[in-house]
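Please look over the sequence and the structure shown here before reading on. The briefing then takes up the overall build, the domains, the nonpolar cores and the surroundings of the ligand.

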Amino acid sequence: MTATPAKRPPPTAQDASPLPRAVALDLLDGVFSRRRPLDEAFESHPGVSRLERRDRAFALNLAATSIRRIGQIDALIDHCLSRPLPEKAAGARDLLRLGVCQLVFLRTPPHAAVDTAVTLARRRGHGAHAALINAVLRRLATEGAALAAAQDAARLNTPEWLWRSWAAAYGEDVCRRIAEAHLREPPLDLTLKAEGGRAEFAADLNAAVLPTGSLRIDQHGPVTTLPGFGAGAWWVQDAAAALPAKLLGDIRGLRVLDLCAAPGGKTAQLAAAGARVTAIDRAPKRLVRLERNLARLELAARTVAADVGDWRPPGPADAVILDVPCSATGTIRRHPDVARLKTPGDVAGLVNAQARLLAAAVEMVKPGGLLVYSSCSLQPEEGPAQIARLIAAGAPIRRVPITAEEVGGLGEVLSEDGDLRSLPCHIADLGGIDGFYAARLRRL
Ligand SMILES: C[S@@+](CC[C@H](N)C(=O)[O-])C[C@H]1O[C@@H](n2cnc3c(N)ncnc32)[C@H](O)[C@@H]1O
């Protein structure tokens with residue numbers, strides 16, 4: 001749920017200004033050297049606010065596309081070098097990466113891509129590599145497109161540990177389709193606050209109505225300028241992320257706990273559906289964002305800043321949703337940096353945290369009440385394996401299988417056990433969907 005500038009930028013900057021490229025260079029350094037999420041690096045970069053809106057979008061798109069295609073880009077660079085660049089030349093390598101991205105994937109005119117890379121090399125203290133950058137980029141300006149067309153893009157742009165885990169979980173073919181889906185920038189999905197008026201909003205926004213009810217826009221400028229933003233008629237939420245909250249059914253007047261709630265996409269859904277919602281998150285700053293989002297939407301929820309593992313409600317809730325912190329590998333289409341920043345060690349740590357939160361969530365729901373567990377991860381450890389372990393441990397819960405009708409008739413997003421298991425390659429003809437897992441459980 002966000003009001004930040006739309007990821008989909010206006011057409012690629014065709015001019016030869018080094019400024020947006022300098023920002024993109026810092027963003028790559030932020031992700032690859034400082035291991036910071038791209039959004040965070042972008043939002044905190046002091047140079048971003050000094051750029052024109054078009055250049056700002058170009059800088060973000062250049063960095064995001066470079067990260068999305070980094071395996072291909074590095075292979076193209078290595079193809080042109082007789083020996084690898086030394087570790088300490090990370091800045092020069094990032095400049096080359098940005099240049100190759102522009103030449104091969106953004107179709108920037110060669111003079112703009114090459115000249116700005118050489119200028120920035122001199123300005124940023126990589127003058128010793130300026131001639132090499134010039135030579136590699138000039139060569140790839142002519143050979144790059146053909147070389148890239150012969151590459152295995154899906155494989156090269158997917159870290160090996162992720163490829164192996166998806167191939168084991170879903171089979172080699174589906175793994176490849178997931179990786180192919182990650183090559184494309186996703187459309188923008190919106191969740192409407194009110195059930196009525198969907199067709200009218202779709203027309204105003206030039207949006208498609210998905211079978212699940214979300215509105216989908218392919219081309220758009222900044223989100224804040226779209227019709228209905230100011231009036232709080234909708235919020236940004238991937239179509240898959242909008243499914244877990246719906247699994248609680250009719251919640252009008254019920255006391256619902258939204259555990260791990262910020263920035264509040266699911267809180268907004270629950271409140272809009274008429275529930276009395278308490279939203280708990282341990283990050284006070286993120287809760288402030290949730291409160292701001294709810295205020296724009298004119299929706300209400302009680303908020304609590306607390307660790308869900310320790311906090312308990314005064315009495316058991318009618319229903320609970322737990323949207324756990326996870327590796328977010330289901331959102332790589334939107335956040336290509338996730339594939340480069342997350343490690344198997346991160347997943348192991350998250351799995352332990354999720355198990356603790358899930359055990360706490362079971363305690364908070366009244367007998368007969370529903371608990372929905374969800375995560376935006378493709379890793380089975382963070383999804384079905386958590387539920388299998390909970391059931392095997394004898395927890396007082398029973399799975400309530402989800403039906404295709406509850407997810408807009410999209411049988412392909414359901415697992416054999418009746419859980420939600422959407423993959424980025426699902427509904428490909430409609431533009432794909434994020435990878436989301438959810439299980440619905442009834443407290444005994
Ligand atoms: C996946 S995000 C939640 C997204 C949110 N449900 C939505 O739909 O907009 C996970 C959230 O869990 C919070 N979190 C992580 N560990 C937590 C804990 N132990 N207790 C409470 N919140 C936690 C994080 O601050 C983060 O906001």
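The points below are grouped by topic.

The structure is a predicted model, and its protein chain has 17 helices and twelve strands. The domain assignment divides out domain 1, residues 18-151, and domain 2, residues 238-443.

**Overall build**

- Taken along the principal axes, the C-alpha atoms of the protein chain fill a box of roughly 70 × 45 × 40 Å.
- The radius of gyration of the protein chain is 23 Å, which agrees with the value near 22 Å that a compact globule would have with 444 residues.
- Among the 444 residues of the protein chain, 48% are buried.
- Of the contacts in the protein chain with a separation of 6 or more, 71% are made by residues 24 or more positions apart.

**Domains and their contact**

- The centres of domain 1 and domain 2, taken over C-alpha atoms, are separated by 37 Å.
- Where the two domains meet, eight residues of domain 1 are in contact with five residues of domain 2.
- On the side of domain 1 that touches domain 2, helix α3, which covers residues 53-68, gives the most, with three residues.
- That side of domain 1 is made up of six nonpolar and two charged residues, with no polar residues.

**Nonpolar cores**

- In soluble globular proteins, nonpolar side chains tend to be buried together.
- The largest nonpolar core holds 87 residues, and the members that touch the most others in this core are L259, V320, L322 and L371.

**Surroundings of the ligand**

- There are 19 residues around the ligand, and those that come nearest are C260, G265, R282, A283 and D323.
- Helix α13, spanning 265-272, and strand β6, spanning 276-281, each supply at least two residues of the shell around the ligand.
- By residue class, the shell around the ligand contains ten nonpolar, three polar and six charged residues.

Note on methods. Residues are numbered from 1 along each chain as its sequence is written. This is a predicted model: local features need pLDDT of at least 70, side-chain atom pairs count only at pLDDT 80 or more; totals for chains, interfaces and linings use all residues. A residue is near a molecule or strand if its C-beta atom, placed from the backbone, lies within 6 Å of it. Helices (H or I, at least four residues) and strands (E, at least two) are DSSP runs, numbered from the N terminus. Ala, Val, Leu, Ile, Met, Phe, Trp, Tyr, Cys and Pro count as nonpolar, Asp, Glu, Lys and Arg as charged, and the others, Gly among them, as polar. The radius of gyration is taken over C-alpha atoms; the globule rule is 2.2 Å times the number of residues to the power 0.38. A residue is buried if 20 or more other C-beta atoms lie within 10 Å of its own, exposed if 12 or fewer, and partly exposed in between; C-beta atoms are placed from the backbone. Two residues are in contact if their C-beta atoms, placed from the backbone, lie within 7 Å. A nonpolar core is a set of buried Ala, Val, Leu, Ile, Met, Phe, Trp, Tyr and Cys residues joined through C-beta atoms within 7 Å. Domain bounds come from an automatic or database domain assignment.
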